[in-house]
Structure formats: C-alpha cells, structure tokens
Amino acid sequence: MEPQPRIGVYICHCGTNIAATVDVEQVAEFASHLPHVVVARHYMYMCSDPGQALITQDIKEQGLNRVVVASCSPTMHEPTFRGATREGGINPYFMQMANIREQCSWVHTDREGATEKAKSLVASAVAKAALLEPLEDREVGVTLGAVVIGGGVAGMVAALDVADAGFPVYLVEKSDHLGGRVADLNRVFPTLELVADLLEPLIERVQTHPNVTVFLNAHVVEVEGYVGNFEVTVGVGSREYGVGNGEDGLGQRPLPNRVGNGGGETSNLEPETHQLSVGSIIVATGYDVFDPHRKPELGYGQYPNVITSLEMERRLAAGDLTGFPKPVRSVAFIQCVGSRDAQVGNLYCSRVCCMYTAKQARLVRELLPEARVTVFFIDVRTFGKGAEEFYDEARAKEVRYRRGNVSEIYRRDGRVVLVAEDTLLGRPIEFEADLVVLAVGMEPRSDTAALSRLLKLPRSADGFFMECHPKLRPVDTVVDGVFLAGCCQGPKDIPDTVAQAKAAASSALIPLIRGTVPVESATAVVEPELCAGCGMCVDVCPYGAPALDPLWGVSRINAVLCKGCGACAVACPSKAIRMQHFTAEQILAQVDALVG
Amino acid sequence: MALKTEPMAEELELFGCIQCGKCTGGCPVARKTVLNIRSLIYQMLVEPEMDVSAHPELWDCTSCFTCVERCPKDVRPAELIIGLRGQLVESGRIPETIGAALMGIFRQGNPSGMAREDRAAWVNGTAVKAAQKGCETLYFVGCIPSYDPRVQVVPRALVKAFAAAGLDFGTLGTEESCCGNEVRRMGEAGLFEMLVEENSELIRGVGASRLVTTSPHCFNTFKNEYSLDGIEVLHYTQLIAELIEQGRLKFSHPPNLPERPSPPELGGTGGGRGKIIVTYHDPCFLGKQNHIFDEPRAILKAIPGVKLVEMDRNRERSLCCEGGGGRMWTEGTNLEERLAFQRVHEAAETGAEILAVACPFCLLTLEDAVKVQGLDDRLQVMDIMELVEMAIDDDE
C-alpha cells in the first residue's frame, strides 16, 4: 500500500510582488490545515538558495513526500523547484506549483480578494499534489550538426565556430555570394581597415573548411522537429522562405560536399532541394537598409546630390566625388534617417550611423581637403571601443558637428538647401550643400515575417527577431535549439555581431556536445484494455506520436515524439489514454478543491 | 501672465521631446519671426513658469502642422501653441482682430461677422436642395466660400459639377455654421466644443452617408476632430476625382480661359489655344496634414488641354501660404515678408500660367501675393474647381 501523502506547502513573497497584494501569512496558515499538509511556510524568495534549502531540509527532516510551491508561473521556476525536490531525495514530479503571482497578485489590487484567490489556488494545488505520481526524466539522442541561415559576417563566424568544434555545418545563403551587407562597405570604423582585408580571409576559411557546406542562392523551405533533431529542407534556387522550387517533380539529391560556391566558380543554380538533419539552428539573416524615399521631405531620389551612406561607401571606395551638379565644396551628413523616428515606425537607434558617418566624414576630409564637411546630428553615440576617440579625431580633422536634425531639403540652383534649426545657436538655418549624405538606418528584413512563420520565432515590437531574455538570454529564442546572431535580432556593429555570433555558436554547440536533449516526461500512455482502436488519437496528434498496433489493433504512443499536449487524451472516446501528470483524477481533484 | 508650465507640459505630453529641432527647422514662419517652437517646448520642460503674454509671436503660427508631421517622437509641437493661445484667450489678451473673428463666429456663425441669413446667398439663383430634406451627400460649404465674393465661384462650380454628375446632394443653407477648425487653433476651446456639439447634431440629423467640404480646413476638423458616427468625410478633390474616375463627370473641352497670360518666352502660347500649363499648390490641411496629394493632381491631369508641372517644393514640402490657424485675421509679427510672395515666385518659375489651389485661404493669400509681386501678367491663381467648371460648362 502506498504511504500516506505528507505535503509541504511553501508560499513565496517574491519580494513584494506577491506579498504586497496577497497576505502570505494568512495563506500559509490556511494551507497548514489542508488535508495531508504536514508543514506550511512562507518565505521572501523561494527560488533563492535558502528558499530551496527549506524544501530539501523539510523533505529530509519531516519525511515529506509531496511539495507544493505557491509562487510564480511554472514557466519561470518549475525546473528550480523540481531540482530542490530531487535534492531532497524524492521524485521531482512530486512537486506541484500554484501560480499566485502572474495569475493572482499581479492582476489584482484588492488584497482581501487576492488573498482568498491565492488560498483557493493553493488548496487546488495541494489536492493535486496528493495524487501525484513519480515520472522519470528522459532524454533522446541529438543529430550532430547545425544549420546556419545567412552568410553574412554573423553567419560565417557562427558557422566557423561550430565547424571548428568538429560538427558539420550547413550555411544557407540566399544570394549568390558570402559576405552579406558588410561586402557593400569600403572601410570599417574605428580602424579604417579595408573591408576586403577583413572579409576575404573569413570567406576563404568558410569555403575551405571541411565541416562547412555552403548553399548559395538558397532558402530554408521547411523546418520540422525540435531541439536536437531538426529536419531542415533547403531549396537551392528557391526565392523565398517556405517556398520550394515548384511542383516540377524535382526530387531530393544526395548531398554534395559543396553546393554553389562564391568567388567566381560556377554556382549550381539548378533548382534542387536538400533535406538536412541537425541538432541546432542559428538564424543570422541580417537587416534591410532603410529606404529614404519614405522621408520625402529629404528629396532623396529627386535630387542627384542627395545620396545614402551606402552610395557614399561606393563613392569613397572609388575615391570619386565628382559628377554631381556642382563641384563638391560643402558636404552635409544627416544622421538618424529612418532611425529614432516614430514617423516611419522605427523607434530604435540603429547604433552604427554615428560612427560610419564620422568615418565617412573623415574620409571626405582626406579626399577633398578644401571641402567643408558638416554633420547634422541629434545626439552623437559613440559607445564602442575606440569609438569616442575616433569621433575626437574626426572633429580634430575639422569635421563640423551641428546639433539639429534637418527637417527639409530643397533645391537652389545646382545646390541643395538644408532647412534645419541649429538648436545650440537656437535659430533656424538654411545650409547650402553640394552633396548630402543620408545616414540611413537598419530595419528588420522584409522577409522576417516569412522566416518567423517557418521557425515559429516571435518578433519584438521593433520587428526584429525576439531574444528569449534581453539581458540574460540574448542569443536564445523561445524555440529550443534555435539561436540568433547579428542584426536579425537588432541593429549592431561588426564587433557586437561577431560577439553575438560566437555566443550563438557556443549555445548551439551545447546540445551537440552533450549528445542528448531532455524530452517531455509527462507523456500520454494508452491503457490497451480500454482502447477500442478507433484511431481518433492518431488523427488529432500534431506530432505523429500515436499509431495503431497492427497486431493488437490498439493505439501505442511513441514517448519520444509525444510532447504531452494532451489532445489525444481529450479526444479518446473510451478514456483509454491517460495524460501523465495531468490525469483525470488529478484535474478533477483540483477542480473540486476550487469549487468545493 | 505667468503660466505654471508643468500641468500643460504633462497634458500635452511634451516630455517625449528630444530637442532635435526638426519642428523649428521645418517651421515656415520661424524663418521670418522669432517663433521657435522647439525653444518654447524646452522652456515648458525646464522653467517652472512662462510669461505667455511676452510671446506675441504665438500668433505667427499658421497651424500648418509641419512640426507635428516631422516630429520623430510623436510630440505635437503645434498643440503647445494652441494651448498657450488658449491661455491668452482666457485672459482676453488677444489681437483685436482675432477677438472680432471669434465674436463673429459666436454671433453669426462666421468669422467675418456677416449676417447668418445671407449665408446661402452664394448660390446666386441656382437651385440647391436643402440637405435637411435628406440626401446621400451633404455638401458643407464653409464660411469663406459662402461669403467671400472671390471664393463664392468655387461652391457654385462645385454644385454645377455635382449636378452634372447626378449626385444626390444638399446643403445646410443658412443653418450652416463655422466648422470651428480655426477656432480651435486660435485657442478658443470652449467655443470650438460648442460648435462641435451643434454642428454634429445638425449634420447627423441629415442622415447623409458622406460629408464633402469646400475647404481642407473644414475637412480636417470634421475628419479628425469630430466624431460623426461613420459618416465618411471627404474633401471635394476626393469626390470630384472619384466622379471623374467613375465616368460620371466628363469634360467636353479644354477650359475656356477668358484671358491667357502666359507669355511665349515662358513656354506658354501667348493666349488662345494650346496647352494650359498649370502648377498645383498643396494646401497644408489637405496635403501635409491629411496626405491627400494625388486626387487634386488626378483632377488636373484629367482636364483636357491641361499640362501639370510641379514646383520644386511640392507635396510634403509644400510651402504654407500663411492663411491658416487664425492668420487670416491677424498679420503676425512680421508684416514685410510673406511666404505667399515666395510661393508665387516659385510657381511662376515653373512657367505655369495657372497656379491651381484647392483651399479658400490659399486662393486668397496667393492671389493677393501675385498682385503685390506684380506677377499678374503671367500667373493667375485659380481654384481647381474653376478650371473644372470651364471644361464642363457648355450650356451657360
């Protein structure tokens, strides 16, 4: 006979998050009188080390065999308290949480009502806890390898790290060459190093690395599976995410060592698809450049002497600032075009424009020593290493910085007139220039939505892919095994991109090196005596876990594929499927405690 | 008068301002007067009090809303001017002519203080249905088009065009009152609310599905500041463009211009036949503020014999004529320089013989400027509807 349940209940204050709204003492007192409850405590932070120690200690000293923690959402700390329960020497699935923060204190202001609700939630959790059963943690093997989407600096750096660790990497690049947006630049700040010197060795390493397979002119067409075992379909010749090469009967082909190739070799442009099995995915798809046609008041596209910073890069690479309506004697740079601007819906700072403008301004001073170079700015942001020093040098070289963003540009003879307020002089100005450079910012790529659907990746309010936690998990996503690198997550310069790419590679390596990943323990099981073999579970399961046993005519559920969603248990007309950890008895006991 | 700055700064959400200067930079009057809206916002944020009466330049603002359109932080700088004017209105320290205009609206429903019973006299014998009897489209004429003899031709042209297109429309006749757009911008919030209440009741009572206005100013306030329960608010350029598009309004011949200035050295024909070169001035309340740029151009392009040329500063960069925000009734602090002067020269430089407008205020200010600048031998200012009428009007 099973031993009687001996339940410990722990009410968390969460600082004042819970305690300010819920009378935690009263809830603990209430819990202490619930059936099978041996001990009920409240504590400032249950997730802290001393908080967890309370649980392990009570299990050992008071012989607890069930634990209830009333605190935050299980999404937040279920692993923490399962760990503490295991530490105490009992099965971690003997722990049940009651969410009295997100579902109670945070959404109520009435202390009395919130306290009563917290009591009900605790009573419900205790009722379920008494019926909990032990489950075993389970793991499955990992397919060794990674897919990296995007062949810019971020993608290449991430790919090389994973490859150097000894795993096969498939680098999927939509264009016909590696290098991404950086390939469009001339020199980089703050070193003024030539981009070619930076990029060519990197591309060379990627192309010659034995562990890296590069797909050019390719898109990811389909992604299935989960962390450790993704099935990624890549369409070479495909023009967009999620769209294959048409229904032209092109089958899969054996995987060659190299598909397509940068640097002049003939790319294999024949449409074909490849099925890749990998353990991790790194998204490094980069950004779009803001289109200044969306700021019509700046006259871009209308005046030949209003150009973007990228056009200026090409000009500077060629060392040629001729061909404008007038000889260039006055060059004006305008900052924050398409950034920090609610009018175009981009509230964020693009983080690179201040520095690349300082770089271009300096290069113009060198190229045309007689020209007056003026930068119109709102704030100058030089946060990177060596950046402020570079800005200092730009000013020392007589680049003139005027505070005030340009409101409008119009034509006067062959020149253009910048209409602005010099906010430090406190007066409106009309500034004549022969050449205007718009410091265009970064935007989420236009195909972000398509890739977001394919990978089920959420986007943040700015439209870029959303990291799991802005501070503590900056390269992880909510999808286990999918990581972010570079500007697809938000604007950043090359050093930050490389740092993030290496972080993403390192995180992507965790499942590969570990060789296994944990899978859901709370799976559905079939009681064959009750199963009529109707197959409804087979129809409803989104993961293909149940199948009818051809010999016995009853359903069998593949525990590796089962995600524990419970759809089959609900659908089963014979009630033959038991959803572990969420059994009918457990849930009904919870409901009884709530309404009883 | 010392105004405590914080409550208004909070109410108008000025705290988002990053002092970038795009507002003052783009402000058309900042270039000719001391009005500096960026600086006024800064004072509101950092000074505990402001002496509002020490800022006569507050009456320079035309409420063109370029500052609002350009602000990267969604601060609405012009609303501060309206708020500060409101303080002056409350204390009675306002230019006499502004006071007279407000009084005229309060007493007679129009800023000129003309008799209410004369409001429908513009029809000049043409039969126009009373909207109160029910109609699909309610035509709101507006104060200036109702009373100003120069502008009255516009509503007359419009009703002819409506009739030609077989539109079921009516007007409010002498019951029509000022829409209040300029009233709100002059800072008289109380009178504006009263007008909104009375007009809304009157307009809703008609039961029309659409409301069309002569003036972009009336259009703006009805569209953005009234809540008219699903009545679609249109400027006439939208409706006329639609009627042309649907083939309901047809042109039979090029406009019969009584006089053709257009000297040959400017690319014109020296009078008589040939292409009529027209440039179009975007009114602030239609273009910048409501992003209606294409419909007026579509109308002009549809008129036979018209060649549309653009000024360098067009659409979003159109230069304000200084007729809005109460400036029709007060000169502002700089009496010498007028933006309208600059604007008519820009129009003349295109080689156009007609400067087309779609706003009663623009019509008056620019026509005046053409005369003062001595350009009347080569440039005529006309409302788009005058050209339309001349191209459809066969019978009369």
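This is a predicted model: local features need pLDDT of at least 70, side-chain atom pairs count only at pLDDT 80 or more; totals for chains, interfaces and linings use all residues.
Good morning. I begin with helix H14 of chain B, residues 339–349, and helix H15 of chain B, residues 360–372: their axes come within 8 Å and cross at roughly 75 degrees. Angles of 65 to 115 degrees count as roughly perpendicular, and H14(B) and H15(B) are therefore roughly perpendicular to each other.

Which residues bring H14(B) and H15(B) together? From H14(B) come B:Ala340, B:Phe341, B:Arg343 and B:Val344, and they meet B:Thr365, B:Leu366, B:Asp368, B:Ala369, B:Val370 and B:Val372 in H15(B). By class, this contact of H14(B) with H15(B) consists of 7 nonpolar, 1 polar and 2 charged residues.

Let me turn to the domains of chain B. The assignment gives domain 1 at 2–91, domain 2 at 115–242 and domain 3 at 250–392. Between domain 2 and domain 3 of chain B, the C-alpha centres are 23 Å apart. In the contact of these two domains, domain 2 of chain B places 26 residues against 25 residues of domain 3 of chain B. On the domain 2 side, the elements giving two or more residues are helix H7 (143–147), H8, helix H9 (181–185), helix H11 (216–224) and helix H12 (236–245) of chain B. Which of them gives the most? That is H8(B), with 7 residues. The domain 2 side as a whole divides into 13 nonpolar, 8 polar and 5 charged residues.

Buried residues in H8(B) are B:Val154, B:Pro155, B:Arg156, B:Ala157, B:Leu158, B:Val159, B:Ala161 and B:Phe162. After H8(B) comes B:Gly166, with a positive phi near 70 degrees.

Finally, the two chains. Their contact takes 23 residues from chain B and 20 residues from chain A. On the chain B side, helix H2 (22–26) and helix H3 (37–46) are the elements that give two or more residues, and H2(B) gives the most, with 4 residues. That side of chain B has 5 nonpolar, 7 polar and 11 charged residues.

As for chain A, its division is into domain 1 (7–137), domain 2 (146–286 + 445–516), domain 3 (292–442) and domain 4 (524–579). The C-alpha centres of domain 1 of chain A and domain 4 of chain A are separated by 33 Å. Thank you.

Technical notes. Residues are numbered from 1 along each chain as its sequence is written. Chains are lettered from A and ligands numbered from 1 in the order in which they are written. Two residues are in contact if their C-beta atoms, placed from the backbone, lie within 7 Å. Ala, Val, Leu, Ile, Met, Phe, Trp, Tyr, Cys and Pro count as nonpolar, Asp, Glu, Lys and Arg as charged, and the others, Gly among them, as polar. Domain bounds come from an automatic or database domain assignment. Axes are lines fitted to C-alpha atoms, for helices over the stretch in contact, and angles run from 0 to 180 degrees between N-to-C directions. Angles under 35 degrees count as roughly parallel, over 145 as roughly antiparallel, 65 to 115 as roughly perpendicular and the rest as oblique. A residue is buried if 20 or more other C-beta atoms lie within 10 Å of its own, exposed if 12 or fewer, and partly exposed in between; C-beta atoms are placed from the backbone.
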